[in-house]
Amino acid sequence: MNDIDQAKQELREKVWRRLIDGGGAPADSYGKIPGFYGAEAAAEQLAGQDFWQRATTVKANPDWAQLAVRVRALKDGKRVYMAVPRMASLQPFYLLDPESLPVPPEEAAEKKGAAQVARRLGVESMEPIDVVVCGSVAVNRSGARIGKGAGYSDLEVALLIEAGLVTDRTVIVAPVHALQVVEDDIPETEHDFSVDYIVTPDEVIPCAGRRRPRGLVWADLTPEKIAAIPVLAQRKTAQ
């Protein structure tokens with residue numbers, strides 16, 4: 001583990017402990033994108049923003065922490081692209097279309113529900129994305145963030161940038177508990193992206209330090225990681 005990865009892991013450990021000990025999330029949140037208490041209130045805060053109300057298409061992680069936002073998006077009539085867990089498909093995104101859901105939004109937006117009722121799509125079949133909702137363990141007020149360390153959010157956003165689906169017009173948000181908002185510097189590498197807004201149950205914090213990669217950074221991907229993600233393995237073979 002290099003120095004940057006070590007610093008990120010130490011910050012994750014600190015935030016998981018602070019969040020759980022402070023009553024901000026269940027005890028089993030350690031090691032995960034935390035399913036924080038107040039996620040529904042954070043979704044309501046997000047729904048009140050002009051950029052959300054203008055949006056027609058939202059991309060979200062499949063984590064439990066973002067369930068309330070996925071449900072709210074569907075109830076607000078927005079199409080939701082939800083990442084297939086671990087990107088374990090050549091078509092790594094689900095499409096949840098509120099106009100054609102056979103089950104209630106609360107069911108469709110769950111991992112199991114999406115797997116049963118949603119279509120799987122590759123990036124070539126997707127529409128431009130207005131809002132990206134990313135799961136985070138910690139985020140600071142400049143917009144730097146860290147996830148749980150698996151790197152899937154970075155890869156998903158990089159794929160969507162390369163496809164021209166996430167652009168400068170796309171707003172990236174991190175719904176989190178207030179205890180996940182840190183004052184620490186968060187080291188960033190070439191493949192990291194920052195968020196434009198932090199959304200907590202009590203406030204929306206604009207972030208000025210926008211950072212986005214140009215696309216996939218192959219040099220940061222191990223052969224094992226590439227082999228484990230079908231869409232990456234396919235692209236590597238085609239190079």
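A residue counts as buried here when its relative accessible area is under 20%. Keep that cut-off handy while you click through this predicted model.

Start by selecting Trp16. Its relative accessibility is 3%, so Trp16 is buried.

Now bring up the aromatic pairs: searching the whole structure turns up two of them. Trp16 belongs to one, with Tyr30 as its partner; the ring centres are 5.1 Å apart and the planes sit at 50°, so this pair is tilted. Buried or partly exposed, what is Tyr30? With 39% relative accessibility, Tyr30 is partly exposed.

Next, select Phe51 and Tyr197. Here the ring centres are 4.8 Å apart and the planes are at 20°, so the pair is stacked. Phe51 sits in helix H3 (residues 50-54) and Tyr197 in strand E10 (residues 197-199), so this contact ties together parts 146 residues apart in sequence. Phe51 is buried, at 9% relative accessible area, whereas Tyr197, at 24%, counts as partly exposed.

Then hop over to Tyr152. Which residue lies over the face of its ring? That's Lys225, at 4.2 Å from the ring centre.

Last stop: helix H4, residues 67-75. This helix is mostly covered, with seven of its nine residues buried. Colour the buried ones if you like; among them are Leu67, Val69, Arg70 and Leu74. Step just past the end of H4 and you reach Gly77, which takes a positive phi of about 80°.

How values were computed
Residues are numbered from 1 along each chain as its sequence is written. This is a predicted model: local features need pLDDT of at least 70, side-chain atom pairs count only at pLDDT 80 or more; totals for chains, interfaces and linings use all residues. Side-chain values use heavy atoms; hydrogens and water are left out. Buried means under 20% relative accessible area, exposed over 50%, partly exposed in between (1.4 Å probe, protein chains only). Helices (H or I, at least four residues) and strands (E, at least two) are DSSP runs, numbered from the N terminus. Rings of Phe, Tyr and Trp (its six-membered ring) pair if their centres lie within 6.5 Å; planes under 30 degrees apart count as stacked, over 60 as edge-to-face and the rest as tilted. A charge sits over a ring if NZ of Lys or CZ of Arg is within 6 Å of the ring centre and within 35 degrees of the ring normal.
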